[in-house]
Amino acid sequence: MSFKMASSPHQRVKRTTGQVMRLVIYAGIPGLALQTWFFGYGALIHFAIAALTVIVTEAAILEMRKKNFETAIKDSSALLTAFLIAICIPPFAPWWITVIGSFFAIAIVKQLYGGLGFNLFNPAMAAYVMLLVSFPVQMSTWAIPQEMSQFPQSFSDSFSIIFTGFSAEGYSIEQLRTHIDGYTLATPLDAVKTAVSQGMTVQESFQGAIFEKGLGVGWFWINAAYLLGGLLLLKLKVINWHIPGGVIAGISVVSLIMYLTDDGLYTSPMFHLFSGGLMMGAFFIATDPVSASTTNRGRFIFGFGIGLWTYIIRTWGGYPDAIAFAVLIMNMAVPLIDYYTQPRTYGHRSGHNKAIKAKDSDKQSGS
C-alpha cells in the first residue's frame with residue numbers, strides 16, 4: 001500500500017464542466033416530465049428547437065473567432081442554456097420565439113463577453129427577459145392544465161400549435177386555453193394578482209378553478225419536482241446550499257411578514273414557494289457558477305436578494321412571476337457582494353489589530 005500526499009484543496013469528486021452541466025440537465029428531467037404531463041408536449045418541442053439553435057449559433061461564432069468549437073460544444077453549457085430557456089417559455093409560444101431567445105442567449109449574452117466563464121448575466125434569464133419585454137403577448141400564452149382544458153393536446157397538436165398557431169384539428173390557442181366550462185384561465189400568480197387589483201381578497205381569488213387547496217393545479221407538483229432535482233444536485237455536490245437556501249429564505253421571510261400583516265391582501269409563503277418558477281430558479285438558475293457570487297457568505301446574500309426581489313416584483317410590480325428579473329438584478333450586484341464578503345487572507349492583520357500595535361509602539365517610544 002502507498003500513502004499519497006497532496007496539497008489542498010482536497011477535492012473528493014472531480015468532474016469536468018461537461019459532466020456538471022449534464023448532471024444539472026438530468027436533475028431537471030423530473031420537472032420537465034411533469035411540465036409535459038400537465039401542459040402538453042410544448043416544452044419538449046421548444047427544447048429541441050432551442051438545442052439546435054444554440055449549437056449552431058455557438059459553433060458558427062466560435063468558428064468565426066478561430067476557436068475549437070467542438071470542445072466548447074462538448075461542455076454542454078449551451079445545451080443547459082437551451083434546457084432552461086425551453087422550460088421557461090410558454091408551451092404555446094411560436095417557434096421563432098425560441099430561436100430568437102436562444103440566439104440572443106449565446107451570441108449576445110455569452111459569446112459577446114468572451115464565452116463561458118466571462119458572461120456577466122445568466123444567459124437563459126437575460127434571453128427570457130428580452131423576450132418578455134419584446135413579445136409580451138406570445139410570452140404570456142401559458143397553457144392550462146390538460147385535465148382542465150376543453151381540448152386536450154396530443155404531440156401533433158403541440159407541434160402544429162408551435163409552428164402554425166393552430167392545433168392539428170384547427171383549434172386556436174385561445175380555444176385551447178379555455179376551461180371545460182367555457183372560460184379562459186390564467187396562471188395562479190396572474191389570477192391572484194388580477195383579483196387583488198380588482199378589490200378581491202386572496203381567499204376569494206382561491207375560489208377559481210385553477211386553484212386546489214390554495215395552490216395552483218399542476219404548478220405545485222412541478223415545483224416539487226424541481227425541488228427534488230435540486231436536492232439531488234446538493235447530494236451530488238454539484239451545487240452548495242447557500243444560494244437556493246438564500247432564495248427560499250428571502251422569499252419566505254418577507255412573504256411571511258406580509259401574510260401575517262394582512263392575509264386577505266398577501267399570499268402565504270407556501271404559495272410563493274410552489275408557484276411559478278421559484279424552485280427551478282433557486283436550484284437551476286441562480287446557482288449558475290459564472291454569474292453568481294463566489295463566496296459562501298456572498299452566495300447566501302445573493303440568493304436572499306433574489307428571493308426578496310422576486311416577492312417585491314410579484315406583489316407590486318408588473319409581472320406575476322419575477323424570478324428572471326430578480327436574478328439579473330442580483331447579477332449586477334455580484335461584484336459589490338464579492339468585494340465585501342471575500343474572506344480575510346490567512347495571517348493578515350485587521351485594521352483594528354494594526355491600530356492597537358501602532359498605539360503600543362507609540363507608548364514604547366514615548367517611554
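**View 1. Aromatic pairs: the structure holds 21 of them.** Rings of Phe, Tyr and Trp (its six-membered ring) pair if their centres lie within 6.5 Å; planes under 30 degrees apart count as stacked, over 60 as edge-to-face and the rest as tilted. The pair of Tyr-41 and Phe-155 is edge-to-face, with 5.5 Å centre to centre and 75 degrees between the planes. Tyr-41 lies in the loop between helix 2 and helix 3 and Phe-155 in helix 8, so this pair ties together parts that are 114 residues apart in sequence. A second pair is Tyr-311 with Trp-316: the centres are 5.9 Å apart and the planes stand at 80 degrees, so this pair is also edge-to-face. Tyr-311 is buried, at 0% relative accessibility. Buried means under 20% relative accessible area, exposed over 50%, partly exposed in between (1.4 Å probe, protein chains only).

This is a predicted model: local features need pLDDT of at least 70, side-chain atom pairs count only at pLDDT 80 or more, and totals for chains, interfaces and linings use all residues. Residues are numbered from 1 along each chain as its sequence is written, and side-chain values use heavy atoms, with hydrogens and water left out.

**View 2. Ring pairs join Tyr-41, Trp-95, Phe-155, Phe-159 and Phe-163 into a cluster.** Tyr-41 is partly exposed at 32% relative accessibility. Phe-155 is partly exposed too, with a relative accessible area of 43%. Helices (H or I, at least four residues) are DSSP runs, numbered from the N terminus. Phe-155 sits in helix 8.

**View 3. A nonpolar surface patch is formed by Tyr-41, Leu-44, Trp-95, Phe-155, Phe-159 and Phe-163.** Together these residues have about 550 Å² of accessible area. Areas come from the Shrake-Rupley method with a 1.4 Å probe; for residues, only the protein chains shown count as cover. Patch residues have over 30% relative accessible area and no salt bridge; nonpolar side chains (Val, Leu, Ile, Met, Phe, Trp, Tyr) are joined within 5 Å, like charges within 9 Å. Which helix gives the most to the nonpolar patch? Helix 8 (residues 155–164) does, with three residues.

**View 4. Helix 2 (residues 29–39) has buried residues along its length, including Gly-31 and Phe-39.** Also buried in helix 2 are Leu-32, Gln-35, Thr-36 and Phe-38. Their cover includes helix 3 (42–64), helix 5 (77–88) and helix 12 (219–235). Gly-40 follows helix 2, and its phi is positive, near 95 degrees.

**View 5. Glu-58 and Lys-110 meet through their side chains in a salt bridge (3.0 Å, N to O).** The pair links distant parts of the chain: Glu-58 is in helix 3 and Lys-110 in helix 6, 52 residues apart. A salt bridge is a side-chain nitrogen of Lys or Arg within 4 Å of a carboxyl oxygen of Asp or Glu. Glu-58 is buried at 1% relative accessible area, and Lys-110 is buried at 4%. Helix 6 spans residues 95–110. Contacts of Lys-110 (heavy atoms within 4.5 Å) include Ser-77, Ala-78, Gly-115, Leu-116, Asn-119 and Pro-123.

**View 6. Asp-321 and Arg-314 form a salt bridge between their side chains (3.0 Å, N to O).** Asp-321 is partly exposed at 22% relative accessibility, whereas Arg-314 is buried with a relative accessible area of 4%. A search of the whole structure finds two salt bridges.

Methods
Helices (H or I, at least four residues) and strands (E, at least two) are DSSP runs, numbered from the N terminus. Lists of a residue's contacts leave out its neighbours within four places in sequence.
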